[in-house]
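Hi,

Here is the structure I promised to pass on.

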Amino acid sequence: MTPSRNADRPRIDAHEKVLGRALYAADQPFPGLLHAMTVPATIAKGQILSIDTAAAVAVPGVVRVFTHGDFAQIRTTPAARGAYGQPGKGYQPMIGPQVRHRGEPVALVVAETLEAAVEGAEAVTVRYAEEPFSAEMDDSLATPEPEPVSQQASGDAEAAFANAAHIVDVEYRHPQQHHNPIELISTTAAFEDGTLRIYEGTQSAAAFAGGLAGMMGMEPQALRGVSPYTGGGFGQKNGVQEQSVLVASAALLLRRPVKLVMPRGQLFHTASYRPHSRHRVRLAADGDGRLLAGIYETVQQNSRYDGFASDHGANPPRLYGYGAWLGRERIVRVDTQTPGHQRAPHEHPASYATECAIDELAGALGMDPVALRLANDTQRDPLTGKPFSSRHLAACLTRGAALFGWDRWTSEPGALVAANGDRIGLGVACGSYKAAMTPSVTTLRLSANGQCRIATSGHEMGQGLRSVIAAELIEVLGVDPGKLDIRIGDTGHAPQHLTAGSWGAGSAAPAARAAALKLREELAQLTGAALTDEPVHAQLARTRRPFLEVSVDTLPLGKDRQAIEQLRRGMPVVTGPEYPDFLAFSWIAHFAEVHVEPSTRRVRVRRVVSVADCGRVMNRRTAESQVRGGVVWGIGAALRETAESDPRFGGVLNNDLAEYVVPVNADIGAIDVDFIDEPDNRLNISGVKGLGEVAMVGAAAAIVNAVHHATGKRIRHLPIRIEDLL
Amino acid sequence: MKPLSYVRAGTAREAIDAFVAAGDGARYIAGGTNLYDLMKLGIERPAHLIDIADLEGADRIDTDGDRLFFGGAALMANVAEDPVVSRDYLVLAESLSKAASQQLRNMATVGGNLLQRTRCPYFRNGVNGTYPCNKREPGSGCAALGGLDRSQAVLGASEACNAVSPGDWPVALMAMDATIELQGRDGTRVIPISELYRPPSQTPHLEFTIGREEIVTGIAVPKTAAGRNSVYLKVRDRESYAFALVSAAVALEMDGDRVGQAHVALGGVATVPWRARAAEAFLRGRTLDREGALAAATAAFADARAGRHNAFKIELGARTLADALITAGSKSQ
Ligand SMILES: Cc1cc2nc3c(=O)[nH]c(=O)nc-3n(C[C@H](O)[C@H](O)[C@H](O)COP(=O)(O)OP(=O)(O)OC[C@H]3O[C@@H](n4cnc5c(N)ncnc54)[C@H](O)[C@@H]3O)c2cc1C
């Protein structure tokens, strides 16, 4: 059965969510539940001299105040924290007297009510010995790593650059950003059926068995992780949180269920974030606009304690047919919490810098930036020489240009003027994101009455994974969407992978499809004849069996069965972009139209057109919504978002949703989305590549390029704010 | 969160008595949109809340006489949408409708709005002595001076404080010569709005001139034809749901094609709602063209002083005011 084009369908859990019936992690009711609140450090670095808990303990309702003295038994293992187990030193707050960054939790107050916990937390007094610190990668106490963390090279880029007729040499800066999903990060630890269960709106329920159990000296099976829904994760919820082990330990020590919902102001100092980075881009081209060389050097902020790698260099060399390439990435360590993956973690900043540089090169060459990109399209990866599994980037560009009306573009900036006097700017940029996959374990049961239950690996964080799974079951088995029970995000039902990096759909769709195909096969054996077009459950009913159940393990290309064992142990196993015979990426082209008010220089994004090649589209509605969301993030990155940190103090000053400026509805104009919708059958049986991440890649660059086209000003930092254009 | 007592008063008199009886830890609460926020930040720690949102008649909106009258507990949303206000006094309506969000405006009162506290990030983040702030802790210093001062004031700052007066509504009221009606222990009094706000000088923690137990019972705005030629232009970091980077309240009394009396006030740039008398004087008797508007606007910022990151507010403020003058002027034609 070859996959067919999917119809537009309502989101499978739309009703539940809109009616407020979906129970998120922090909504789970437990009798005798205790509430916890953390006490954040008020220094940027140093040692705790003493903690006075007397006043807190005296608050009526406070059950216990934990400090580092209570949690010394917590083990840190490299795989326990940080960016889903990337090797690093790893650290865990509250197991010793050190304070590594402002806002690090130094005490945990547990009480019968949330109010008492908050009051208790305010009553704790801590004395510190402060130490000198660095809160910014540009200041004198920041520590650059001596060696680059990664390099990519093909050909002699420096020589090609030195001899080229046309070059650009520019540096772009990207600020620190925070994910700010609406669902705060909560941890609830409770005892059920003799085991400890952790409820967190996480993208990685298995991280508890895989990481948290080890931190607590428990067997992995002794811990069950449940992520009922994730109310936005964007990478901030992709592993064990700083708070997870504190809450779990408190529950164990008190033998009662404990819940902590971290307030947003504290999340700016305990959860991950996208770090500052600097990007020097050198590009060289000949007179026809053929790209001779790219040299791309980045510096990214990191904490002192973890191994959050820099990976800016992975995508830009694959976007065009560069003659030669050199990439080099460096890390600077500062006294903050560990940064982490945030939607299109490195691909977004990298595309911002390199796609703006391409625009600058087009200017230097006097070429149309769409034509320059098309002239350098490639079907082979310049670094490895391998072909791409599928690449319709040129089609994204040409279709996008037509939908957008790119023929209005002028080579002279500032030439387009709206009726009200606004300057109109048009910008384009491209993006790519690796098409990754991870193993899945799936059990599918179809009942003769039409009920269909599937338990598989993956998390629903609003991206629509349930709808993706549903699409395959509907297509292959003809099941009624109303009779589907989709169990994901719970290690009690199936082993769970970290769902991130846009590998959710590319893993869950093939898993669901493989299970459904196997079920058809087994049913055909039962009936002794090929199945007809009738709904499968009706054919099952005739065999007089109440149900048929199948289990399948799906392996991504190039992996063997060991991957399933790793999945069962809660360890990440991810493939891509390089597979044995090809490289696989999703691709996108964004076109942006901005209007700039002549006097105040306010920038309004009137329209964005985005055309994506994500393989087969599993659900038009959720797919469009993903792209719109990605574009909104791009608008936020280009014009709004930045963490404000005063280097004299450290920490984030604008640590709430009023002051951390994300776009509001009034900031968003039309966003028109289209898809190539060609299945990538070389990658998996569903023909799916990822979409959630690529949606954002290049969006900010398109807007920045449009701002230049409107104003003639090249602003090489984000966000572009009003003062940059006055 | 500290335990606290809460009473709902029926009349101003009852509220004042309750306030006085409760002593030091007493606070009035109306919509609560600012007070609860400050309580969560640990800046306000009241022991007794006296709710004055439902005082008898306090939500009155009266546009019949020779003045507009708004009870202290009238909701921002209701004043903004009042037919007379939104038709004849756009500067007032827009200063409300461009503030906060619809949800907040449905809760917040026009009296509470006058007394909201600054958004200075160091003020809001400083509990537990993290950042020095003379407003929060007199004598502790000011981290914003020499710090991240992009949002700070360029007009009216002192050596002790450069925090911006955040409200939009007070700026429009300032332009329109509003008066504030107060009721205290010893009866009622009326002050011009210009006397409500204290410049920071050496005592930035003292922000308002009214007594602790005094209640804003009403706000009165003299009726004027200038209301028809008025605008509140607000420039911010996004198109909605943000405080002003700069704002200009303008209402013009025209004399043929010349400006008679201009009413001009600025927001987002000053430590108190800022009446721009120099611009008003410059405009008197002139016709309004772009050049004149810009010259008047520049005059409004003659005394401005920039810090490290907020110099742009001077240029942006002048351009915004010039735009507002042109817009208001165009309405008289
Ligand atoms: C996210 C956010 C964004 C916002 N954006 C804007 C904006 O863009 N522009 C803007 O102007 N405002 C903005 N605001 C502020 C909002 O307008 C004020 O919080 C609101 O007007 C306060 O009114 P309230 O009735 O809720 O006051 P409360 O919070 O109840 O009280 C505020 C203070 O006034 C005192 N008080 C209240 N009423 C009286 C009275 N009648 N007499 C004496 N004392 C009184 C209280 O004791 C308290 O000290 C924003 C607020 C938030 C939370």
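Tyr296(A), Tyr320(A), Tyr322(A) and Trp325(A) are linked into a cluster by ring pairs. Rings of Phe, Tyr and Trp (its six-membered ring) pair if their centres lie within 6.5 Å; planes under 30 degrees apart are stacked, over 60 edge-to-face and the rest tilted.

Before you read on: this is a predicted model, where local features need pLDDT of at least 70 and side-chain atom pairs count only at pLDDT 80 or more, while totals for chains, interfaces and linings use all residues. Residues are numbered from 1 along each chain as its sequence is written, chains are lettered from A and ligands numbered from 1 in the order in which they are written, and side-chain values use heavy atoms, leaving out hydrogens and water.

Over all chains there are 24 aromatic pairs. One of them joins Tyr320(A) and Tyr322(A), edge-to-face, at 6.3 Å centre to centre with 65° between the planes. Both Tyr320(A) and Tyr322(A) are buried (under 20% relative accessible area; exposed is over 50%, partly exposed in between, with a 1.4 Å probe and protein chains only).

Then there's Phe404(A) with Phe591(A): the centres are 5.6 Å apart and the planes at 35°, so this pair is tilted. Phe404(A) is buried at 2% relative accessibility, and Phe591(A) is buried at 0%.

Charges turn up over rings too (NZ of Lys or CZ of Arg within 6 Å of the ring centre and within 35 degrees of the ring normal). Arg343(A) lies over the face of Trp633(A), 5.6 Å from the ring centre, and in chain B the charged end of Arg286(B) sits 4.0 Å from the ring centre of Phe282(B).

Cheers
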